[in-house]
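This report describes a protein model for a reader who works with coordinates. The sequence and the structure come first.

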Amino acid sequence: MIINNSFIAILGIVSVKDFFKSVNVTQLLNAIISDGALPDSFLNSTIVSIAKARNASMCESANYRGIALSSVYLKIVDNIVLHKYSGHLSTSELQFGFKRKSSTNLCTFVLKESLAYYSKNNSTVLCSFLDATKAFDRVNYCKLFRLLIDCDLPACIIRLLLNIYTSNFVRVVWGNVLSEYFLATNGVKQGGVLSPVLFCIYIDNLLVRLSKSGVGCYIGK
C-alpha cells in the first residue's frame, strides 16, 4: 500500500488507528497516487488576501498576497509526493530560498562581504537584481512540467501534478463576498505544501547558468 505509518507521521496525525478507521480514505489516496487523478472537489481553492505591510496603503492591490486555501486531502497528497519523491525534487546548492535548513540570509551576508571587500580595495561594484515580485504567480506550466519530467519523476506523479495544476479552479474572497470559480492558467499556489519545492525547481536552472557564465565578483580564486 502506498499509505503507511511513515506518511502518517509526516502529516502529524497522532493515532494511525484513528486515521485508518475508514478504509475508504486509504483506498481513495492509493487510487489518487496510482491513477494520477483527483476528484474535482479536491482541486477547488479559495484565495484570501493577506496584507504584506501594515504601514503601506491598504488600498493598493500590490500590497496584498493571495493565499490559496485548499482541500485537506490535497495537502495530504502533496505531503505524500514530497515525502516519497523528495530525492527527485532536489535542487542545486546555489538555491537557498524555500529549502530546509537553509536561509537567504547567507546570500545577503556573501553580498555584503563582497561589496565591503571591493570597496576596501577602491574598486567599483555593479549589481544587477531580478525583480521576483509575484514570482509564484508567474510560473509557466509548460516549462514547469518539462523540468519535472527531467527530474525523472514517475509518470503517474507527473500526471497527478498535471491534473492538479491544469484543473486548478479558484475563487477569491474579499470580506463577505465570494467570486465565481475560474481556472488558474499559471502559477503555483501560495500556501501550498509543494509550491515552494516546485518553484525551486523552476528557478534552479537560471542559477546554474549564471554560475557557469563566469560573470561576477571574485575574492582570491
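**Basis**

This is a predicted model, in which local features need pLDDT of at least 70 and side-chain atom pairs count only at pLDDT 80 or more, while totals for chains, interfaces and linings use all residues. Residues are numbered from 1 along each chain as its sequence is written, and side-chain values use heavy atoms, with hydrogens and water left out.

**Overall make-up**

The protein holds nine helices and five strands. Helices (H or I, at least four residues) and strands (E, at least two) are DSSP runs, numbered from the N terminus. Read from the N terminus, the order of elements is α-α-α-α-β-β-α-α-α-α-β-β-β-α.

The protein has 221 residues, of which 32% are buried. Buried stands for under 20% relative accessible area, exposed for over 50%, and partly exposed for what lies in between (1.4 Å probe, protein chains only). Accessible areas come from the Shrake-Rupley method with a 1.4 Å probe; for residues, only the protein chains shown count as cover.

A contact means heavy atoms within 4.5 Å. Taking the contacts between residues at least 6 apart in sequence, 66% join residues at least 24 apart.

**Strand pairing**

Two strands pair if DSSP finds at least two bridges between them. The pairings described here are listed in the table.

| Strands | Sense | Bridges |
|---|---|---|
| Strand 1 and strand 2 (residues 64–69) | antiparallel | six |
| Strand 1 (residues 45–51) and strand 3 (residues 169–174) | parallel | four |
| Strand 3 and strand 4 (residues 177–178) | antiparallel | two |
| Strand 3 and strand 5 (residues 182–183) | antiparallel | two |

Particular residue pairs can be named for each of these. Ala 51 has Tyr 64 in strand 2 as its bridge partner. Towards strand 3, Thr 46 is bridged to Arg 171, and Ile 47 stands opposite Val 172. Val 170 has its bridge partner in strand 5, namely Phe 182. Trp 174 is placed opposite Val 177 in strand 4.

Strand 3 and strand 4 form a hairpin with two residues between them, and Gly 175 in this turn has a positive phi of about 65°.

**Thr 46**

Thr 46 belongs to strand 1. Thr 46 counts as buried because its relative accessibility is 15%. Leaving aside residues up to four places away in sequence, Thr 46 touches Ile 67, Ala 68, Leu 69, Arg 171, Val 173, Leu 178 and Tyr 181. The C-alpha atom of Thr 46 is separated by 9.5 Å from that of Ser 71, 25 residues apart along the chain.

**Positive phi in loops**

Phe 98 is not a glycine, yet it has a positive phi of about 60°. Phe 98 sits in the loop between helix 5 (72–84) and helix 6. With a relative accessibility of 53%, Phe 98 counts as exposed.

Asn 122 also has a positive phi, near 55°, in a residue other than glycine. The loop that holds Asn 122 runs between helix 6 and helix 7 (141–150). Asn 122 counts as exposed, at 74% relative accessibility.

**Surface patch and cysteines**

Leu 106, Phe 109 and Val 110 make a nonpolar surface patch of about 290 Å². Patches consist of residues with over 30% relative accessible area and no salt bridge, with like charges joined within 9 Å and nonpolar side chains (Val, Leu, Ile, Met, Phe, Trp, Tyr) within 5 Å. The salt bridge in that rule is a side-chain nitrogen of Lys or Arg within 4 Å of a carboxyl oxygen of Asp or Glu. Leu 106 lies in helix 6 (residues 105–120). Its relative accessibility is 44%, so Leu 106 counts as partly exposed.

How many disulfides does the rule find? The count is zero disulfides, where a disulfide is a pair of cysteine sulfur atoms within 2.5 Å. Cys 107 counts as partly exposed, at 34% relative accessibility, and Cys 142 counts as exposed, at 53%.
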